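This briefing is meant to be read alongside the sequence and the coordinates. It takes up the overall architecture before turning to individual elements and side-chain pairs.

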Amino acid sequence: MLILGIGNSLLQDEGIGIYLLKFMEKHFPSFPDVTYRDGSCLDFNILSEIEAHNHLLILAAVELYARPGTVCCYQNEAMDRFLGTTAKRSDYDISLLELLGMARLSGHLPANRALVGLQYSRMGMVNDISIKVKHNIPLAARLAATVVQQWELQLHPPCGPWMMPPQQVGI
């Protein structure tokens, strides 16, 4: 599983994905099968990492036309539709869409995809996120962790229903 935080932490709320990634690394370090990746500089090197995983969780600032700090989660086709809308959310969108498009064309788009995002408040040359957004980082991290836990349960299901041992027939 690849957890990819995207955005530019030098541009205030644009860096939500990076702050959220760091929060998850600190508070959820023991997820098995998880690779945390800082995608602040989306480049084609990340494409091979995306293609190597069957599960991709993207953490990012999003435009929901909602109150700052509003949390969202889109999975699989719903994520694809959300990212494909014409509403521009950030400078990273084109690169992210290109990377996912290339993974799709090569036949290596992760089958399980999710985006956990936070509605940004301000974008500017400030090296910290706004208070309204910062307040909901833990909530967004718990939502992201829930997605990862669901995927973990799919990969490593708990034991099945209790089965009665076969009855022995007396001779």
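Among contacts in the protein chain between residues at least 6 apart in sequence, what percentage join residues at least 24 apart? The share is 80%, for contacts between residues at least 6 apart in sequence, where contact means heavy atoms within 4.5 Å. The model is a predicted one, in which local features need pLDDT of at least 70 and side-chain atom pairs count only at pLDDT 80 or more, while totals for chains, interfaces and linings use all residues. Residues are numbered from 1 along each chain as its sequence is written, and side-chain values use heavy atoms, with hydrogens and water left out.

**Overall architecture**

- The protein chain contains 6 helices and 5 strands, these being DSSP runs numbered from the N terminus (helices H or I, at least four residues; strands E, at least two).
- Read from the N terminus, the order of elements is β-α-β-α-β-β-α-α-β-α-α.
- Of the 171 residues in the protein chain, 44% are buried, where buried means under 20% relative accessible area, exposed over 50%, and partly exposed in between (1.4 Å probe, protein chains only).

**The sheet**

- An open sheet is formed by 5 strands in the order β2-β1-β3-β5-β4, with mixed pairing; two strands pair if DSSP finds at least two bridges between them.
- Strands β2 and β4 (71-75) stand at the edges with a single partner strand each, so one side of each is left without a neighbour in the sheet.
- Neighbouring strands of this sheet are turned against each other by 20 degrees on average, direction ignored; axes are lines fitted to C-alpha atoms, for helices over the stretch in contact, and angles run from 0 to 180 degrees between N-to-C directions.
- Strands β3 and β5 run parallel and are joined by 8 bridges, with Ala 61 standing opposite Leu 118 in β5.
- The pairing of β1 with β2 is likewise in the parallel sense, over 5 bridges, and here Leu 4 stands opposite Arg 37 in β2.
- For β1, 5 of the 5 residues are buried, so this strand is largely enclosed by the rest of the structure.
- In a regular strand the side chains alternate between the two faces of the sheet.
- In β1, Leu 2, Leu 4 and Ile 6 point one way, whereas Ile 3 and Gly 5 point the other way, and all are buried.

**Helices against the sheet**

- Helix α1 (residues 16-27) has 12 residues and should span 16 Å at 1.5 Å a residue, which agrees with the 16 Å between its end C-alpha atoms; the expected span is 1.5 Å times one less than the number of residues.
- The buried residues of α1 are Ile 16, Gly 17, Ile 18, Leu 20, Leu 21 and Met 24, and they pack against β1 (2-6), β2 (35-39), β3 (55-62), β5 (112-119), α5 (131-134) and α6 (137-155).
- Helix α1 lies across β1, β2, β3 and β5, and runs at about 130 degrees to β3.
- Helix α6 also packs on the sheet, touching β1, β3, β4 and β5, and its direction makes about 170 degrees with that of β5.

**Surroundings of Gln 119**

- Gln 119 belongs to strand β5 and is buried, with a relative accessible area of 3%.
- The side chains of Gln 119 and Glu 63 are joined by a polar contact of 3.3 Å (a pair of N or O atoms within 3.5 Å; within protein, one must be able to donate a hydrogen and the other to accept it, and residues adjacent in sequence count only if both atoms are side-chain atoms).
- Not counting residues up to four places away in sequence, the residues that Gln 119 touches include Ile 16, Val 62, Tyr 65, Pro 68 and Val 133.

**Salt bridges**

- The whole structure holds 3 salt bridges, each defined by a side-chain nitrogen of Lys or Arg within 4 Å of a carboxyl oxygen of Asp or Glu.
- Glu 49 forms a salt bridge with Arg 37, with the closest N and O atoms 2.6 Å apart; Glu 49 lies in helix α2 (residues 45-51) and Arg 37 in strand β2, so the pair ties together parts that are 12 residues apart in sequence.
- Arg 37 counts as partly exposed, at 22% relative accessibility.
- Arg 104 forms a salt bridge with Asp 80, the closest N and O atoms being 3.2 Å apart, and this pair links helix α4 (residues 93-105) with helix α3 (residues 77-83) across 24 residues.
- Arg 113 forms a salt bridge with Asp 80 at 2.7 Å between the closest N and O atoms, linking strand β5 to helix α3 across 33 residues.
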